[in-house]
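Biologist: I am new to this model. Could you walk me through it, one question at a time?

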Amino acid sequence: METGILSSFFNLPEDIMAAIISRLPPKSILRCKSIQKSWYFLIKSLMKNQLFLAKHYKISEKQTSIFFGLQRVNLFLSIHNAKGDNDSVNLVVEDLSLPLLESFGTHGYGSNVNGIMCLPDRKNEKVLVCNPATMEFKLLQNSSLNFSNPHLCSKMVGFGYDFIDDVYKVVRVVYSIPTHSVNGRVGAPFVRAEVCTLGLDSWKEIKMPIKINNFPPCVKQLYFKGFHYWLVSVFNTEMILCFDFHEEVFHTRMLPPRLLEVGNNNGYGLSLLGLWLTLWNESIALLEFPIRYGTTGLPIEMWIMEECSGSGSCWSKSLSVHCPGIVGFYRPLTLWKDDEILMKQVLSQGLCLLNLRTQKVRKVQLPPHFPFSVGAVHALAYVQTLASFNTRL
């Protein structure tokens, strides 16, 4: 009976077979390779087909998972009961893990590009690139820079895809802590950068002409269409640092003028404003969260980056979200599915989902024995995919 079903399946047109298989999760597709030789060659050919991989990823986006990582513990969870008008949703543990993280730990920050994750260790010296769904892993440990120098520390790691050369790359920015020279004068700090192309797996130093003097938490970063973006401070002026993965060069983008005015007028710079980069309708968005505890009267503001003639960026204000129960009490963790943000409570073990369009807030029920302190944890949205970082997409 089973043999007859398999034979009937292979009598279908190839595009119909591909359409059926594209709706399966990666683990199920990979198991199909072991059924018989015909399945093995079919799956192998599909995993090299760009159109199939893109279609599978698009379908898989509907089942976005959340990765939680801290120190040597990591969990993948999915959100259940998310549809409809439910006032609460549940986090359910998935059958995915990153065993290599147990050897060096992570601070939970990272990047996810095409379903491939990049997770630095706590010092940003070791970098794990992996596809948890296919169990493909690569640990980048070497460097073109001298990490044995105690005054050199890694501050930022970015991960992205070079569409033109069809390769994935990791970029790392390091900072030299000022030291005393022989004559007693303090040495000048410097910023250096390096890039690693996966497949070649060797680091090379690149020019870093921008003198960053303040590195915010790594959570304030974003990859989008061949570029990586960070929120940084250059000579006490907050701006966006941008890295082009193909040209391997850095650029800067200014923040919305109103934000800079607020920072200059309050005497604290932008330290009292929780700025957060995310995607919104296939555009880069900057969200401003009032982060002082109890500032319930201020809205969450969203700004959309637009291209301008010449260099630089223009910004347009997109929306204001008024949520008195959220502002000042919660911080953003990650964007989950289009218009909902997963947020953590500042002073207790609480998570919620905030819908930016409807301004509806839903409580997130934690699974039993949740191993993290919510206040310390960071999260990353993850889509299961068949993509490989060692072969062409």
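Modeller: Gladly, ask away.

Biologist: Which strand holds L279?

Modeller: This is a predicted model, in which local features need pLDDT of at least 70 and side-chain atom pairs count only at pLDDT 80 or more, while totals for chains, interfaces and linings use all residues. Residues are numbered from 1 along each chain as its sequence is written, and side-chain values use heavy atoms, leaving out hydrogens and water. Strands are DSSP runs of E with at least two residues, and helices are runs of H or I with at least four, numbered from the N terminus. On that basis, the strand that holds L279 is β16.

Biologist: Is L279 buried, exposed or partly exposed?

Modeller: Buried means under 20% relative accessible area and exposed over 50%, with partly exposed in between (1.4 Å probe, protein chains only). L279 has a relative accessibility of 26%, so the class is partly exposed.

Biologist: Which residues does L279 touch, beyond those up to four places away in sequence?

Modeller: L279 and L335 are 56 residues apart in sequence, yet their C-alpha atoms are 8.0 Å apart in space. Counting a contact when heavy atoms lie within 4.5 Å, the residues touched by L279 are L222, F224, I284 and L335.

Biologist: What volume does the largest pocket have, and which residues are closest to its centre?

Modeller: A pocket is an open set of points on a 1 Å grid over the protein atoms alone, where a 1.4 Å probe fits, with protein on both sides within 12 Å along at least five of seven lines; lining residues have an atom within 4 Å of a point. The volume, meaning the space filled by probe spheres set on the points, is about 1,700 Å³ for the largest pocket. Out of 50 lining residues, the closest to the centre are Y57, E61, N112, Y223 and L279.

Biologist: Which helix supplies at least two residues of that lining?

Modeller: Among the elements supplying at least two lining residues are the strands β4 (111–113), β12 (221–224), β16 (273–280), β20 (330–336) and β24 (378–382). The helix listed with them is α5 (50–60).

Biologist: Why do the buried residues of α5 sit on the same side, and how wide is their arc?

Modeller: The buried residues of α5 are F52, L53, H56, Y57, I59 and S60.

Biologist: Which residues of α4 are buried, and what arc do they cover?

Modeller: W39, L42, I43 and L46 are the buried residues of α4. They lie on the same side of α4, because around the axis they cover an arc of only 95 degrees.

Biologist: How far is a polar side-chain atom of T334 from the backbone nitrogen of A381?

Modeller: T334 belongs to strand β20 and is buried, with a relative accessible area of 9%. Beyond its neighbours within four places in sequence, T334 is in contact with residues including W276, L380 and A381. From the polar side-chain atom of T334 to the backbone nitrogen of A381, the distance is 3.3 Å.

Notes:
A polar contact is a pair of N or O atoms within 3.5 Å; within protein, one must be able to donate a hydrogen and the other to accept it, and residues adjacent in sequence count only if both atoms are side-chain atoms. The arc is that of the directions from the helix axis to the C-beta atoms.
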